[in-house]
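Trainee: Let me test some labels on this model. I would like each one set against its cut-off.

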Amino acid sequence: MLEVVSSRSVDVPVRLVVFDFDGTLSLVRAGWLPIMLEMMLKHLAPTFTPQEQREHLIPQLRTEILSLNGQPTILQMERLANSILTRGGTPEHPRYYFDEFARDLRQTIDNRLEKLSRGEKTIADLALPGAHQFLEALANRNVTLVLASGTYRPDVVHELGQLGLSHFFEDQVYAPDDGPVVFSKQAVMAEWLAKTNCSPQEMVAFGDGVTEIRACRQLGGYPIGIVGEELNPWVIDHEKSAQLKPAGVQLLTPNYLSQTELLKTLGLL
């Protein structure tokens, strides 16, 4: 099931593909949005006016959270701290909110990975449908595969291993650490365009966030949006689609099951 916004010229085969991780390849963190939303509402509640109800803020918060999807999570926490301050409250340091969100989300992650280790879930349950087969098809065609995620790098590396995806990317995994270096998906893409001597027309990026879609488009590549519902990745999430279209997404699909059509789009079949 593909929705084509703008067709890609298949006369130029793709040589470089950059993937986001969460929501694009992995479902380990599926459901992170309601967890973050609930945490933010809890901390914003003391700033509510007598006439205000939490339900009134939910659409605005969802839009703000999704607008930063794909960037380091600390940026969403900085936005929360600023909102509390703007509303007359006294915010904690953004790292405080980051740590709380990470603890809340960790319970969900650990539960899923424990079920995987006990055999109650399979790798296929925790990856986007068709992801392994599609990555295999790209690797067999000697396409350079790079992963760029806004999630903390040690977690990404660990979960890639749990999902049996490490060998597709090896040391070509980029994500924020605790160090002072600012992480940028656009910088990663630009670096690999130079390393591989690819033209922008030979690069495609897959992602479910505005960040990687916009970065790929600004560099002249062809961004493809993975827009399946995280808890039901066979169905298109229309909110995700609406977020990605203004960012320059060129093709939309809920998963990788349309492998033949995707390979044709990439000029590889």
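**Labels and their cut-offs**

Mentor: Start with Asn255. Leaving aside neighbours within four places in sequence, Asn255 is in contact (heavy atoms within 4.5 Å) with Leu128, Pro129, Pro233, Trp234 and Leu262. The model is predicted, so local features need pLDDT of at least 70 and side-chain atom pairs pLDDT 80 or more, while totals for chains, interfaces and linings use all residues. Residues are numbered from 1 along each chain as its sequence is written, and side-chain values use heavy atoms, with hydrogens and water left out.

Trainee: Why is Asn255 called buried?

Mentor: Buried means under 20% relative accessible area, exposed over 50%, partly exposed in between (1.4 Å probe, protein chains only). Asn255 has 5%, so the label is buried. Asn255 lies in the loop between β9 (251-253) and α11 (259-265). Helices (H or I, at least four residues) and strands (E, at least two) are DSSP runs, numbered from the N terminus.

Trainee: What does the side chain of Asn255 reach?

Mentor: The backbone nitrogen of Leu257, at 3.0 Å.

Trainee: Asn69 is in a loop too, between α2 (54-67) and α3 (74-86). Is Asn69 buried or exposed?

Mentor: The relative accessible area of Asn69 is 11%, so Asn69 is buried. Its contacts beyond four places in sequence are Trp32, Gln76, Asp208, Gly209, Val210, Thr211 and Glu212.

Trainee: What makes Arg153 partly exposed?

Mentor: Arg153 has 27%, so the value falls in the partly exposed band. This residue is in helix α6. The C-alpha atoms of Arg153 and Asp177 are 5.8 Å apart, although 24 residues separate the two along the chain.

Trainee: Now the salt bridges. How do you know that Asp155 and Arg106 form one?

Mentor: A salt bridge is a side-chain nitrogen of Lys or Arg within 4 Å of a carboxyl oxygen of Asp or Glu. The closest N and O atoms of Asp155 and Arg106 are 3.3 Å apart, so the pair meets the rule. In general, side chains of opposite charge can pair when their charged atoms come close.

Trainee: What makes Asp155 and Arg29 a salt bridge?

Mentor: Their closest N and O atoms are 3.5 Å apart. Asp155 lies in helix α6 and Arg29 in the loop between β2 (16-19) and α1 (32-44), so the pair ties together parts 126 residues apart in sequence. Arg29 has 8% relative accessibility and counts as buried. Asp155 and Arg29 also belong to a network of salt bridges with Asp22, Arg106, Asp110 and Glu159.

Trainee: Which distance puts Glu239 and Arg62 in a salt bridge?

Mentor: 2.4 Å, N to O. Glu239 is in helix α10 and Arg62 in helix α2, 177 residues apart, so the definition of helices places this pair in distant parts of the chain. Glu239 is partly exposed at 29%. Arg62 is partly exposed at 24%.

Trainee: How do you know that Asp208 and Lys240 meet in a salt bridge?

Mentor: N to O is 3.4 Å. Asp208 sits in the loop between β5 (203-207) and α9, and Lys240 in helix α10, 32 residues apart. Asp208 is buried at 4%, and Lys240 is buried at 8%. A search of the whole structure finds 17 salt bridges.

Trainee: Which residues make up domain 1 and domain 2?

Mentor: Domain 1 is 3-27 + 127-266, and domain 2 is 32-118. The bounds come from an automatic or database domain assignment. Their centres, over C-alpha atoms, are 25 Å apart.

Trainee: How many residues of domain 1 and domain 2 are in contact?

Mentor: 19 residues of domain 1 are in contact with 17 of domain 2. About 1400 Å² is buried between the domains, 43% of it on carbon and sulfur atoms. That is accessible area (1.4 Å probe) lost on putting the two parts together, summed over both. Thr211, Glu239 and Gln243 supply 30% of the area domain 1 buries against domain 2, more than any other three residues.

Trainee: How many salt bridges does the rule find across the interface of domain 1 and domain 2?

Mentor: Two. On the side of domain 1 that touches domain 2, the elements giving two or more residues are α6 (153-162), α9 (210-218) and α10 (238-244). The largest share, four residues, comes from α6.

Methods: A polar contact is a pair of N or O atoms within 3.5 Å; within protein, one must be able to donate a hydrogen and the other to accept it, and residues adjacent in sequence count only if both atoms are side-chain atoms.
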